[in-house]
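Hi,

Here is the structure I promised to pass on. Please open it alongside this email, and my notes follow below.

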Amino acid sequence: MGEGSPARHPPGSRTLQTWGDAALPKRLMREPLLHFLVLALAVFAFHRLVASPAEDVGGRIVVSAHKIEQMEAIFTRTRMRPPTAEELKLLIDDHVAEELFVREAVTLGLDQDDTVIRRRLRQKMEFLIAAEVEAQAPTDTELQAYLDAHPDAFDTGAMVGFEQVFLSPQAHGDRIEADAQVMLAALQADPAADPAGFGDPTLLPALLPPSDAAGIDGTFGPGFAAAMAGAEPGAWVGPLTSAYGKHLVRVTERQDARRPRLDEIHAIVAREWTNERTRNALQEHLGDLLARHDVVIDLPQPAAPP
């Protein structure tokens with residue numbers, strides 16, 4: 001081969017290219033190894049971006065200033081004062097110890113098939129989804145539409161307010177019915193009479209503001225609200241039987257069932273709206289996860305009869 005003549009290479013062999021070769025960048029872009037390296041660098045960069053404050057880098061634990069500020073804030077809210085230097089050092093030491101034990105436990109696989117850890121992870125996922133919903137404040141238009149679509153959940157039932165005179169079975173014994181009739185006659189004869197001058201001491205309220213049947217029965221016992229169903233406002237009636245004894249009752253106010261206005265129950269409607277949106281978001285997220293997985297349920301075979 002003479003001087004200046006082009007170099008010859010066996011068929012199928014690859015020639016070395018110089019950086020001045022214009023075809024080199026195109027060839028590099030087609031190299032699978034280069035694609036793998038770029039992807040690996042991207043994953044590493046993303047991990048560095050989202051890594052927790054206590055990050056494992058070559059066996060190191062880095063407790064960031066942000067993490068220390070969080071510790072100080074939690075301590076201050078709990079103790080109503082900032083931590084001393086010694087207390088802050090103990091907090092940091094405890095965090096480092098926790099991080100070390102957690103990493104070692106994960107290395108040993110202790111987080112696998114642990115019911116408590118699995119439930120906690122599920123709770124954290126649900127909290128994340130719920131937080132996204134709670135960040136979306138509903139408008140009054142949305143709340144009004146929700147109120148109109150769920151009347152049974154917000155309509156108030158009939159409410160009754162009344163005052164009562166209590167007769168204790170222990171104090172009256174077999175005379176309780178007769179004594180109640182005497183007191184009832186006295187109260188009916190003098191509508192201006194002070195009810196406090198009648199009956200026996202009790203922790204039950206002498207005057208109950210307008211309440212629904214559930215609230216009345218919750219205070220006086222099941223069936224007490226129904227026993228007052230026919231009582232007219234302003235008239236003493238009785239004796240009515242409660243879970244505690246006998247009562248003389250005068251209805252002070254009756255309110256028919258109605259649908260409250262939004263401004264009356266705004267916070268309640270907003271809470272229920274958020275709860276429903278959260279439930280729907282959880283179901284949608286679960287549906288998305290199910291769509292990306294094949295769920296195989298291998299039911300155990302029933303035991304053979306003896």
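Leaving aside residues up to four places away in sequence, Glu163 touches Pro195, Ala206, Leu207, Trp236, Leu248, Val249, Arg250 and Thr252. Please keep in mind that this is a predicted model. Glu163 sits in strand β3, which covers residues 159-167. Is Glu163 buried or exposed? Its relative accessible area is 16%, and because the cut-off for buried is under 20%, Glu163 counts as buried. Among its contacts, Arg250 deserves a look: the side chains of Glu163 and Arg250 are joined by a polar contact of 2.6 Å.

β3 runs antiparallel to strand β6 (residues 246-255), with nine bridges joining the two. Within that pairing, Phe162 stands opposite Val251 in β6. Strand β5 (residues 236-241) is also antiparallel to β6, through four bridges, and Trp236 stands opposite Arg250 there. β5 and β6 form a hairpin, with four residues between them.

Now for the largest pocket. It holds about 410 Å³ of space. Which helices each supply at least two residues of its lining? They are α4 (85-107) and α5 (115-134). The lining includes Glu98, Val102, Asp114 and Arg120. By type, the lining residues divide into six nonpolar and five charged, with no polar ones.

Happy to go through any of this with you.

Best wishes

Technical notes
Residues numbered from 1 in each chain as written. Predicted model: local features only at pLDDT ≥ 70, side-chain atom pairs only at ≥ 80, totals over all residues. Heavy atoms only, no water. Buried < 20%, exposed > 50% of the residue type's maximum accessible area, 1.4 Å probe, protein only. Polar contact = N/O pair within 3.5 Å; in protein donor to acceptor, adjacent residues only side chain to side chain. Contact = heavy atoms within 4.5 Å. 1 Å grid on protein atoms, 1.4 Å probe; cavity = no way out; pocket = protein on both sides within 12 Å on 5 of 7 lines; lining within 4 Å. Points joined across faces, edges and corners; volume = space filled by probe spheres on them. Nonpolar A, V, L, I, M, F, W, Y, C, P; charged D, E, K, R; others polar. Pairing = 2+ DSSP bridges.
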